[in-house]
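Me: I would like to learn how to read a model of this kind, feature by feature. Could you take me through the general idea each time and then the case at hand?

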Number of protein chains: 2
Amino acid sequence: MHISTKCSVAIHCLIFIYEYGDKKKVTSDILALSAGSNPVTIRNIISSLRKDGIISVKFGTGGTTLACPLNEITVYRICKAIEPDFVSKLFGIHPLPSPLCPVGKNIRNVLDCSYQKIGNDLSDSLKNITLEDVISDYHYIQRKDD
Amino acid sequence: MHISTKCSVAIHCLIFIYEYGDKKKVTSDILALSAGSNPVTIRNIISSLRKDGIISVKFGTGGTTLACPLNEITVYRICKAIEPDFVSKLFGIHPLPSPLCPVGKNIRNVLDCSYQKIGNDLSDSLKNITLEDVISDYHYIQRKDD
DNA sequence: GACCCTGTAATTTTTAAATTTACATCATTA
DNA sequence: TAATGATGTAAATTTAAAAATTACAGGGTC
């Protein structure tokens, strides 16, 4: 199981909102066009980000803006907002090991030991990248692109 | 997208082979029973591990044993053997961002910057856990279980 | 040569992810 | 104050990925 494309779409939306949120009314339709997705998927993602306080959405009239300094929005926070237990879902565990086998009976606990360490390391790594970094990459790449 | 259950099944098999590989003939049928999977899935995993030199399999007559010291078998190596580009598949990227939008046009490269850092950190974390550690956890948990 | 195993391709089934449809709710404005 | 154009969500459908099954061609050993 992997972290789905939702994280990528979320980052896409956040860059877009940072770049255009103040000047134009950024709706789920516009974001869906830009990301090549569909408005409902976008609204679900946006909704999760809003509940976490990352962005604010004008209900009724529409439009989205950032609600938080760039350096407080880490990739970890984005993933967590979208899929609260994404860390524990990083590795899948086969669901029906034999309880009659010593290995089968204990495998889940054994794997949990290692997977928890890995999950902690991954979390640290994700906390280390902020939207500020991502947007700096974006500006650099965009300049090269011209 | 997440790393599939194959890694967990592989570790399950490796513990089983370590524990019983010398005394008994460990076949794909036995491993499938223990893991609650099926023999073909097991054979595919076992086959990948064999090609990487982690285990050796007696063709024809059957039976599997470790071909490597425990501390040389890292979780990274196991994952890599099973799914060579698992690191780059950690995050999915939405496939059709709009090339007409500045964000859409550059999003893939922007995400690649961050995802590469994260992939490197994850790789380091996985390299840090060996089968020796896992089996030590297994013995500890098994003792508690009695 | 019979038996039991592995290796692998091809198909089917299952499961998860993403999209679409539908509609209730809310703010603006004409 | 009713029309408009947004969001928020639930439910159903579609699509794509993962896993299991079926099938069979090898290879050792008794």
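Me: How many residues of chain A are in contact with residues of chain B?

Reply: A word on conventions comes before the count. This is a predicted model, in which local features need pLDDT of at least 70 and side-chain atom pairs count only at pLDDT 80 or more, while totals for chains, interfaces and linings use all residues. Residues are numbered from 1 along each chain as its sequence is written, and chains are lettered from A and ligands numbered from 1 in the order in which they are written. Two residues are in contact if their C-beta atoms, placed from the backbone, lie within 7 Å, and by that rule 52 residues of chain A touch 52 residues of chain B. Helices are DSSP runs (H or I, at least four residues), numbered from the N terminus, and those that give two or more residues to this side of chain A are helix 1 (6-20), helix 2 (28-35), helix 5 (102-127) and helix 6 (131-145) of chain A. Helix 5 of chain A contributes the largest share, 16 residues.

Me: Which classes of residue make up the side of chain A that touches chain B?

Reply: Ala, Val, Leu, Ile, Met, Phe, Trp, Tyr, Cys and Pro count as nonpolar, Asp, Glu, Lys and Arg as charged, and the others, Gly among them, as polar. On that basis, this side of chain A holds 29 nonpolar, 17 polar and six charged residues.

Me: How should I read helix 5 of chain A, and what is its span?

Reply: The expected span of a helix is 1.5 Å times one less than its number of residues. The 26 residues of helix 5 of chain A should thus span 38 Å, which agrees with its end C-alpha atoms being 38 Å apart. A bend is the angle between axes fitted to the seven residues ending at a residue and the seven starting there, and helix 5 of chain A bends by about 40° at A:Arg108.

Me: Is B:Ala10 buried or exposed?

Reply: A residue is buried if 20 or more other C-beta atoms, placed from the backbone, lie within 10 Å of its own, exposed if 12 or fewer, and partly exposed in between. B:Ala10 counts as buried because it has 23 C-beta neighbours inside 10 Å. B:Ala10 lies in helix 1 (residues 6-20) of chain B, and, leaving aside neighbours within four places in sequence, B:Ala10 is in contact with B:Ile45, B:Leu49, B:Ile78 and B:Ile82.

Me: Which residues come nearest to DNA strand D?

Reply: A residue is near a strand if its C-beta atom, placed from the backbone, lies within 6 Å of it. Of the 25 residues around DNA strand D, the nearest are A:Ser28, A:Gly62, B:Asn38, B:Val40 and B:Gly60. Helix 3 of chain A supplies the largest share of that surface, six residues, and by class the surface has seven nonpolar, 14 polar and four charged residues.
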